[in-house]
Amino acid sequence: MKSKKTGGGQFWWTTITIGIVLALIKYGIPWLSRWITGSDLPLPVPGTLFFFYTIIILAGTFVYISSDETTIVSFLAPIKSVFRGDYGKLFFFVVMAVTPVVAGYFVFAWVKPAVVASVTLRIQHPSSNFPKKYEALKNPMREPTDAQIDEFIEQANNNSVEYFPQVHDEGKQFTNIRHLPFGPVTKFLAKLHSGTTDRGLAQLALMEKRLFEGRALYQINCRPCHGVSGGGDGPMAYGFSLRPINFTDSGTIDTLVEGYTFWRIENGGPSLPPESTPWDSAMPVWKHDLTEIERWTIMLAEYDIAGVSPREPEKVAR
């Protein structure tokens with residue numbers, strides 16, 4: 001009986017398979033979700049969840065490779081060839097120099113000590129301990145500036161209204177606002193077509209356009225957990241022991257200043273301080289996947305979808 005070849009095919013097969021599986025998770029799941037739901041808006045895999053999947057896949061691959069001696073020999077063959085210098089001395093020295101540097105960097109970044117308080121005090125709610133610089137922040141998408149209104153009017157005149165890349169990529173290739181069936185937009189375009197410009201209508205139309213973008217971004221990125229209407233009942237919500245927050249409930253986001261909501265979206269669950277441990281959240285760190293303006297625009301639509309308004313920051317007497 002002939003023995004199986006152990007020339008290293010297992011190493012390359014494993015490497016290519018891992019790459020294909022990770023690509024399917026990153027790009028295949030959003031595409032498949034659109035096909036299943038019949039929606040133009042996908043269910044993306046957040047960066048934090050993608051990291052968890054990567055760890056699970058690597059662990060499973062290790063178990064598979066180590067389960068059979070022939071598989072182990074085939075997997076290790078190219079690695080041993082490098083150490084024997086079969087690919088040349090230059091390649092050997094490059095690998096030996098780069099590998100420890102890269103490994104050392106990631107290990108150091110993972111285990112480097114951080115300066116923390118020796119005693120952790122319990123806090124009632126995580127919102128009572130967030131960076132104060134966020135406290136007085138206002139959503140810049142709520143009040144368009146004169147320059148933004150002028151730019152919007154010019155774009156509408158030229159049929160070249162700009163949208164966020166995700167809205168472009170996942171929906172129609174929008175270049176105007178004529179597809180938006182909203183009263184202010186229709187009235188604004190009617191005035192524009194007649195040769196007059198109403199800045200008040202232009203501002204209202206611009207806000208409708210921003211709300212449209214915010215709703216689209218919300219449906220793409222937030223709907224899987226928080227649901228279509230913000231009720232915390234998205235298709236992925238039932239997989240968490242602590243359900244995602246229901247924005248429509250009184251006492252949730254309507255009691256929070258916008259700066260805190262923005263901070264939580266920006267940093268996700270991992271940003272919660274140690275004293276907030278019982279309040280741990282599974283929300284991804286969205287600053288890695290969405291720009292600052294995209295996050296503010298999602299917030300604009302988030303409050304609108306839930307039918308609530310953000311809390312106004314208290315004015316501190318001096």
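Student: What makes the 44 residues of the largest nonpolar core one set, and which members touch the most others?

Tutor: In this predicted model, V167 and F188 touch the most other members of the core. The 44 residues count as a nonpolar core because such a set consists of buried residues of nonpolar kinds joined through side-chain atoms within 4.5 Å.

Student: Which elements give two or more residues to this core?

Tutor: They are α5 (146-157), α7 (183-193), α8 (199-221), α10 (258-267) and α11 (292-306). Helix α8 gives the most, with 10 residues. Another core, of 5 residues, lies apart, and its members include I18, I25, V45 and I57.

Student: Why is α1 called roughly antiparallel to α2?

Tutor: Helix α1 (residues 9-37) and helix α2 (residues 47-65) pack at an angle of about 155°. Angles over 145 degrees count as roughly antiparallel, and therefore α1 is roughly antiparallel to α2. Their axes are 11 Å apart, and the crossing is right-handed.

Student: Which residues make the contact of α1 with α2, and how many of each class are there?

Tutor: From α1 come Q10, W13, T14, I18, V21, L22, I25 and K26, while α2 supplies F50, Y53, T54, I57, L58, T61, Y64 and I65. By class, the contact has 11 nonpolar, 4 polar and 1 charged residues.

Student: How many helices and strands does the protein chain have?

Tutor: The protein chain has 11 helices and 0 strands.

Student: What share of the protein chain is buried?

Tutor: Buried residues make up 37% of its 318 residues. Each of these has under 20% relative accessible area, because that is the cut-off for buried.

Terms used:
Residues numbered from 1 in each chain as written. Predicted model: local features only at pLDDT ≥ 70, side-chain atom pairs only at ≥ 80, totals over all residues. Heavy atoms only, no water. Axes fitted to C-alpha atoms, helices over the stretch in contact; angles between N-to-C directions. Helix = DSSP H or I, 4+ residues; strand = E, 2+ residues; numbered from the N terminus. Parallel < 35°, antiparallel > 145°, perpendicular 65-115°, else oblique. Left-handed = near helix turned anticlockwise from the far one by under 90°. Contact = heavy atoms within 4.5 Å. Nonpolar A, V, L, I, M, F, W, Y, C, P; charged D, E, K, R; others polar. Buried < 20%, exposed > 50% of the residue type's maximum accessible area, 1.4 Å probe, protein only.
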